[in-house]
Amino acid sequence: MNEEPPVALPYRDTKPQGAADFYLAINATFRFILNRLGQEGLRRYWSDMGHRYFAPVSKQWQTHGAAGIAQYWQAFYDAEPGREVSVTRDDREVRLDVKVCPAIAHLRQQKREIVPCFCEHCHFVSEAMAAPAGFTVRVQGGNGSCTQRFLPADAITPPQNLEDITRASLS
Amino acid sequence: MIGCYDFCGHYEWTFAWLEAEGGHNLVRQYWEEGISRDSQQHARELILSQGFAGMRTYWGHTLDHEAAGYAIHANEEVFRIDMHACPSKGFLIRNGLVQYRDYCDHCMGWIGPVMQDAGFVIDHEHNHCGQCWWEIRREESTAGPSEAGRLAGEADVRLHPGWNEQASPHDRYHQATDPDDKCPPQPPSS
């Protein structure tokens, strides 16, 4: 437990960063699912993605604990263009301070209508990834900047209040 | 957060998730409404307003940005793309990601509706190994697909190694705009 993980990202590309226009597709995907399957369907999509698509990440977190979580998010944000994020950890907690969310920044730059509940996906996807590893996540803020805390599931902390996650918009 | 670095991975996973939720029609609707009309509205606007010139602007930018190995040849009659190493399918192959039965269908799924609305039809073939070609003509054109090498010379993907991998069946389209409008299976072209 807690030795340094060898590879932080489970799926690797040949280029160091992704193409920002894919944020347009991510936002459009959320809108399509919200329109067709409703809020419950969209939240199920996010949770299923965390449980299934990101299962290799969750497994790394089970093995390496907070060190694995911190290393994953550092590598993740290094590969996202336009981000301004710091990742810190102590023995029990990993904290992401997102000063500039790359997705919200690009959607605004492209003047795209942002799905208002866009920022909720960070909670639902990450919670599904963290739970099998014995962690939970709390998101505070959104709409371009936020803090995300990954805590042991047995930590004495109130459950995520979705009202703490700011609705996203163009402004 | 869901990122853009591994976008093609969770995009492909999403096709399978949608199919499980609502069947094939929901996947088709996603490609047309979610991708063609929403995500790719910038491509749609360029092509509807500028035709072939809009295609060159869109694909020149996008494929450069995705670092693709590709070639574009165009004249007044046809716009042709030869994709030698699709960055999107390549990502999936390298990472062993296969959740949906035919990832390559998504391109016709979103490009087809754009071309239909803009008054074009598509001849297309892909080999499921990251190689494909496209010839886009005005819908009133009666010309068929070009012979290998005639339009694109040595850049024609049909002349490249790996095009006719026997283990990989090809999908073909003729004057199509619908992802399900595939030609009956036949041996790979030479």
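Modeller: Let me begin with a term: two residues are in contact if their C-beta atoms, placed from the backbone, lie within 7 Å. Among contacts in chain A between residues at least 6 apart in sequence, 64% join residues at least 24 apart. This is a predicted model, in which local features need pLDDT of at least 70 and side-chain atom pairs count only at pLDDT 80 or more, while totals for chains, interfaces and linings use all residues. Residues are numbered from 1 along each chain as its sequence is written, and chains are lettered from A and ligands numbered from 1 in the order in which they are written.

Colleague: How many helices and strands are there in chain A?

Modeller: Chain A has four helices and four strands, where helices (H or I, at least four residues) and strands (E, at least two) are DSSP runs, numbered from the N terminus. Along the sequence they follow the pattern α-α-β-β-α-α-β-β.

Colleague: And why is chain A as compact as a globular protein of that length?

Modeller: Its radius of gyration is 15 Å, close to the 16 Å that the globule rule gives for 171 residues, so chain A is as compact as a globular protein of that length. The radius is taken over C-alpha atoms, and the rule is 2.2 Å times the number of residues to the power 0.38. The C-alpha trace of chain A spans about 45 × 40 × 25 Å along its principal axes.

Colleague: Switching to chain B, in what order do the strands of the open sheet lie?

Modeller: The five strands lie in the order β1-β2-β4-β3-β5 of chain B, with antiparallel pairing; two strands pair if DSSP finds at least two bridges between them. The edge strands, each pairing on one side only, are β1 (69-74) and β5 (171-176) of chain B.

Colleague: What about β3 and β4 of chain B, over how many bridges do they pair?

Modeller: Strand β3 (residues 120-126) and strand β4 (residues 132-138) of chain B pair over seven bridges in the antiparallel sense, and His124(B) has Trp134(B) in β4(B) as its bridge partner.

Colleague: Last topic: how many residues does each chain bring to the contact between chain B and chain A?

Modeller: Chain B brings 27 residues and chain A brings 29 residues. On the side of chain B that touches chain A, the elements giving two or more residues are α1 (7-39) and α4 (87-95) of chain B, and α1(B) gives the most, with 15 residues.
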